[in-house]
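Hi,

Here is the structure I promised to send over.

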Amino acid sequence: MRLSLLVCAALLTFGCEKKPTEPKPADPKPVADVKAVTDGKQVVDPAKPDAPKPGDDAILLGEVGSLTGPEAAFGISTRDGIAMAIDEANEAGGVKGRKLAVRVYDDQSKPEEAASAATRLITQDKVLVILGEVASSNSLAMAPKAQEAKVPMISPSSTNPKVTAIGDYIFRVCFIDPFQGFVMAKYAREELKFNSVAIFTDKKSAYSEGLTEVFQKKFAELGGKIVGIESYAKGDTDFRAQLTNIKKLKAQGLYVPGYYQDVAVIAEQAKELGLKTTMMGGDGWDSAKLFELGGSAVDGSYVSNHYSADDPSPRVQEFIKKYQARYKTTPDSLAALGYDAARVAIDAMKRATELTGPAIREQIASTKDFPGVAGTITLDEHRNPVKPAVVLKVEAGQFKYVSTVAP
Ligand code: PHE
């Protein structure tokens, strides 16, 4: 407690104003308000001053997320999902008679910051488990640190296969890109009946590059033709030159496996250039920000994703109800997967014979039939779950459920 008060005092000294780059939440979210970023970029939760804090007798978990920068919406939703899971576990008595607390660091959507936040959580905060990251490039930067220190890491939503391949301490609770890429390629070929597709890839992102490779291979295997691939780099703002080249290809579809912020700008510029092709993407599109930034330019597109808020199953609807009551907004797949990742970690800690990295690791590895909101989780020998994906269509600024594809 005393320690956290000191942290707060330091926060006050440096001012608790919001960073200018932080997007404003669409609705007031009591716990979503990232009040401040300290020297160490640690985020405290001002809405829950009485929640257990690092330094109490609480069991400490670590979290690394993009709370600012171009992927801020990912980190904010994930943090909110995790916070809800932690609070629920505490209300139900905690773990081994102790409460849980989570220390969150903002990596500003940068891999090098994610890596140093992981190191900090391990060496300084001595957390038992690390939750994060969303973006595969950031998880890839963190994972070697966790692996070396034997601190289990669970990525809620990084889908690039290389993430968990880093070692036996690295897990995820989402499907992987060879499946996600296949789902969209199959949908494009068999449902949309496309013969020709162009791809626009982010060459700076492990996620985008991985999905490009899979889509290209699968679409061709299914008898389609990839008529061209253009690339951009995260941070670019003018995509017109590449889009002009793409327009000349006259493809029926354009696959853009990027993140929402870039995708929104790409869609707007494509519209402005009169490029009338159906856009398709992956989970990286998932944020309400896509519609705020992209407007009607993203209408008519298709994406693969982890979960749909339209899913009538009681497990999903109950989660949505609780989340809406708490945050006044509908959870996206990041929130669902953050919630699932935290619950898998908590479940493993409950079963572990002792609270050490190796003992917790063993129990995470044996996670079986766990009732996740974004699908039931059984981890395979590569520490990946095998789960269905959904296909969603963008209609009037919303994702609409289209179909579910089982692996
Ligand atoms: N799968 C993406 C990645 O690996 C991250 C992501 C997951 C983004 C879910 C949005 C929704 O980089």
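Which cavity is the space taken by the ligand? The ligand's space is the second largest cavity. By cavity I mean a set of points, on a 1 Å grid over the protein atoms alone, where a 1.4 Å probe fits but cannot get out; lining residues have an atom within 4 Å of a point. A molecule sits in a cavity if more than half of its atoms lie within 2 Å of its grid points.

Before the details, please note that this is a predicted model, in which local features need pLDDT of at least 70 and side-chain atom pairs count only at pLDDT 80 or more, while totals for chains, interfaces and linings use all residues. Residues are numbered from 1 along each chain as its sequence is written, and side-chain values use heavy atoms, with hydrogens and water left out.

**The cavity**

There are 3 cavities of 30 Å³ or more in the structure.

**Around the ligand**

The ligand is surrounded by 14 residues, the closest being Ser136, Ser157, Thr159, Tyr259 and Asp283 (near means a heavy atom within 4 Å). At least three residues of this shell come from each of domain 1 (7-14 + 177-308 + 391-405) and domain 2 (30-176 + 314-387), with bounds from an automatic or database domain assignment.

A polar side-chain atom of Tyr259 is 2.5 Å from a ligand oxygen. The side chain of Asp283 has an N or O atom 2.7 Å from a ligand nitrogen, and a backbone N or O atom of Ser157 lies 2.9 Å from a nitrogen of the ligand. The protein buries 100% of the 320 Å² that the ligand exposes when taken alone (Shrake-Rupley method, 1.4 Å probe).

Best wishes

Definitions and conventions:
Polar contact = N/O pair within 3.5 Å; in protein donor to acceptor, adjacent residues only side chain to side chain. 1 Å grid on protein atoms, 1.4 Å probe; cavity = no way out; pocket = protein on both sides within 12 Å on 5 of 7 lines; lining within 4 Å. Points joined across faces, edges and corners; volume = space filled by probe spheres on them.
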